[in-house]
Amino acid sequence: MTRIRAAVLGSPIEHSLSPVLHRAAYQELGLDDWSYDRFEIDEAALPGFVSGLGPEWAGLSLTMPLKRAVIPLLDGVSDTAASVEAVNTVVLTEDGRRLGDNTDIPGIVAALHERGVEKVSSAAILGAGATASSALAALSRICTGEVTAYVRSSARADEMRQWGERLGVAVRAADWSEAAGALQTPLVIATTPAGATDELAAAVPDTPGTLFDVLYEPWPTALAAAWSQRGGNLLGGLDLLVHQAVLQVEQMTGRSPAPLEVMRRAGLAALSGAH
């Protein structure tokens, strides 16, 4: 029996939960001839890896630092991925084409919709990296007013304003020293590394709105824990990971809908087993 292959690529990749989620989906869908692996691949190794893929390959998931590096290697890129110049999903078609997409953006939107957040009048983003641009693209679909980006440098501020112009979002950049003010908005998306928002935990308001903290390890962050204690609507990195992986499974396998709850349970079990 010919096995059909998919994998996640990145560096570092050791702790990626993607294999857990995708394998759980394959098992639930009865795709016994599908496999999903992880490969430690940096930007220098990526062209050689992609050029060596045979016809048994159906798709790739990409994490840092490959989301932009892969674009020149593709035959086509979706409008969603092009909007932020970041590809996290490659589908390898039967006729040999490599097509790139970004499932992080609709994944953020789907996760928020699941928690009852359909539209917001304003929002805040903590951080200005690659995930922040995807968050901004997601907010272009649900935020009717201004988005404030809290950043640590004027260069990052300029970058976020430029992304806003490109995505059609009104972006105001603010210095990180003012980040406690972000917590007053109806929706806060934290895209910063572990520990970066710990200092904000004491500033969570008495009646917080929605916090989407894209980290899943460690979890909960100090900010997420304080938010939850005050009764705020809280989403974490696993919510994003599962929703974007659902879309990847559907694109790579052609089977829809992917088993969201099965994948979520597998992710939760893997995280709890890591502690």
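This is a predicted model: local features need pLDDT of at least 70, side-chain atom pairs count only at pLDDT 80 or more; totals for chains, interfaces and linings use all residues.
Local features need pLDDT of at least 70 and side-chain atom pairs count only at pLDDT 80 or more, while totals for chains, interfaces and linings use all residues. Residues are numbered from 1 along each chain as its sequence is written, and side-chain values use heavy atoms, with hydrogens and water left out.

**View 1. Salt bridge between Asp37 and Arg5.** A salt bridge is a side-chain nitrogen of Lys or Arg within 4 Å of a carboxyl oxygen of Asp or Glu; by this rule the count is 12. In this pair the closest N and O atoms are 3.6 Å apart. The bridge links distant parts of the chain, with Asp37 in strand S2 (residues 34-40) and Arg5 in strand S1 (residues 4-10), 32 residues apart. Helices (H or I, at least four residues) and strands (E, at least two) are DSSP runs, numbered from the N terminus. Asp37 is partly exposed at 24% relative accessible area, and Arg5 is partly exposed at 25%. Buried means under 20% relative accessible area, exposed over 50%, and partly exposed in between (1.4 Å probe, protein chains only).

**View 2. Salt bridge between Glu146 and Arg172.** The N to O distance is 3.8 Å. Glu146 lies in the loop between helix H5 (130-142) and strand S8 (147-151), and Arg172 in strand S9 (residues 171-175), 26 residues apart. Glu146 is partly exposed at 37%, as is Arg172 at 36%.

**View 3. Salt bridge between Arg264 and Glu261.** N and O are 2.9 Å apart. Both residues belong to helix H9 (residues 260-273); they are three residues apart, so about one helical turn separates them. Arg264 is buried at 14%, whereas Glu261 is partly exposed at 41%. Salt bridges with shared partners join Glu114, Arg115, Asp239, Glu261 and Arg264 into one network.
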